[in-house]
Amino acid sequence: MKVGVIGVGGVGSAATLALLARGCAREIVLVDRNRSRAEGVALDTDYGLPLLPPADVRAGEVADLADAALLIITAGVNEAAGGATDRSDTAGRLRLLDHNAAVYRELGPELVAVAPDATIMVVTDPPDPLADLTRALAGHGRVFSTGTVLDSLRFRVHLGRRLQVRPADVQAMVVGEHGTSEVLLWSSAAVAGVPVLDILTHRGDDIDQVRERIESEIRYANITIIEGIGASQYGIGAVVARLAEAVLRDEQALFTVGAYHPDYQVTLSLLSTIGESGVLNTHRPAMTESEQAALERSVQTLRQATATITPATGNS
């Protein structure tokens with residue numbers, strides 16, 4: 001199947017390599033406004049192909065995305081370039097919205113005209129409002145964002161480190177906005193079915209202190225990474241490839257991607273079933289009253305942001 005990666009900066013490049021490593025796409029077309037960048041990434045990955053599953057990677061233009069099954073959009077400015085690296089700024093990634101919405105308004109109609117049947121994955125920050133904009137531009141509902149999948153993985157990693165178990169054995173979710181208003185579902189976090197809060201209590205840990213530290217590490221993980229290497233790219237690259245695999249193989253797998261929810265009238269992350277047409281079903285995880293209240297606040301944040309870039313949203 002053909003996959004298009006639109007925007008071949010750090011995230012697009014990392015996603016391309018992860019796609020190749022997973023072997024879930026046989027043809028990958030790289031599109032970037034800087035054609036030389038796309039050609040360079042294609043050539044660089046070509047030299048590693050003898051060690052990877054068979055695939056064809058090439059630079060192209062939007063017209064070359066015809067018949068693509070999946071379009072992955074990473075185009076736009078990142079947090080470092082967009083000035084969204086202040087931990088005290090509650091807007092966080094939303095600082096990038098106006099600039100990146102303009103990029104999407106230009107790209108969206110071109111992409112849909114060339115590949116009208118493609119499923120679209122929105123990766124650019126802030127992904128949830130941009131997914132609503134993309135849905136409006138596309139005129140169909142086969143649009144989802146990477147949402148809080150990466151945040152949920154970070155939650156699992158930090159809990160695994162704290163409890164000295166493999167992150168793969170931790171079940172934990174983050175819902176709401178992929179941003180500062182996100183909600184960590186501590187009430188349902190577990191290790192092999194044992195509630196994390198019970199484990200922490202049994203260990204004698206100060207639960208409030210643990211929660212505060214882990215939530216801070218997760219909410220501002222991107223800024224910490226940016227301070228080290230300039231951009232967050234490898235974790236999200238792995239997420240993009242795994243979600244692409246779920247779409248291309250019609251897995252009907254569960255992830256906390258950003259999906260339009262009619263009850264909230266906005267795109268947000270809950271728990272969704274992913275298949276070839278994107279989100280097939282959305283499920284609301286069990287939450288405590290305080291978690292539900294926090295989710296409602298996150299929804300309001302997303303609604304306000306989305307209202308600034310598109311007059312209305314819907315699951316058309």
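Axes here are lines fitted to C-alpha atoms, for helices over the stretch in contact, and angles run from 0 to 180 degrees between N-to-C directions. Helices (H or I, at least four residues) and strands (E, at least two) are DSSP runs, numbered from the N terminus.

The model is predicted: local features need pLDDT of at least 70, side-chain atom pairs count only at pLDDT 80 or more, and totals for chains, interfaces and linings use all residues. Residues are numbered from 1 along each chain as its sequence is written, and side-chain values use heavy atoms, with hydrogens and water left out.

**Helix packing**

Two packed helices are described by the angle between their axes and the distance between the axes.

| Helix pair | Crossing angle | Axis distance |
|---|---|---|
| H5 (residues 127-138) and H11 (residues 289-307) | about 50° | 9 Å |
| H6 (residues 149-163) and H7 (residues 196-203) | roughly 25° | within 12 Å |

H6 is therefore roughly parallel to H7. H5 and H11 are oblique to each other. The classes are set by angle: under 35 degrees is roughly parallel, over 145 roughly antiparallel, 65 to 115 roughly perpendicular, and the rest oblique.

H5 passes H11 in a right-handed crossing. Asp-128, Pro-129 and Asp-132 of H5 meet Leu-302, Ala-305 and Thr-306 of H11 in contact (heavy atoms within 4.5 Å). This contact of H5 with H11 has three nonpolar, one polar and two charged residues. Nonpolar covers Ala, Val, Leu, Ile, Met, Phe, Trp, Tyr, Cys and Pro; charged covers Asp, Glu, Lys and Arg; the others, Gly among them, are polar.

H6 passes H7 in a left-handed crossing. A crossing is left-handed if the near helix is turned anticlockwise from the far one by less than a right angle, and right-handed if clockwise. Leu-159, Arg-162 and Leu-163 of H6 contact Val-196, Ile-199, Leu-200 and Arg-203 of H7. By class, that contact of H6 with H7 has five nonpolar, no polar and two charged residues.

**Nonpolar cores**

A nonpolar core is a set of buried Ala, Val, Leu, Ile, Met, Phe, Trp, Tyr and Cys residues joined through side-chain atoms within 4.5 Å. Buried means under 20% relative accessible area, exposed over 50%, partly exposed in between (1.4 Å probe, protein chains only).

The largest core has 37 residues, of which Leu-19, Leu-30, Ile-72 and Met-121 touch the most other members. Helix H10 (residues 234-248) gives this core its largest share, nine residues. A second, separate core of 28 residues includes Leu-97, Ala-101, Val-122 and Ala-131.

**Glu-61**

Glu-61 lies in the loop between strand S3 (56-59) and strand S4 (70-73). Glu-61 is partly exposed, at 39% relative accessible area. Beyond its neighbours within four places in sequence, Glu-61 contacts Val-31 and Arg-35.
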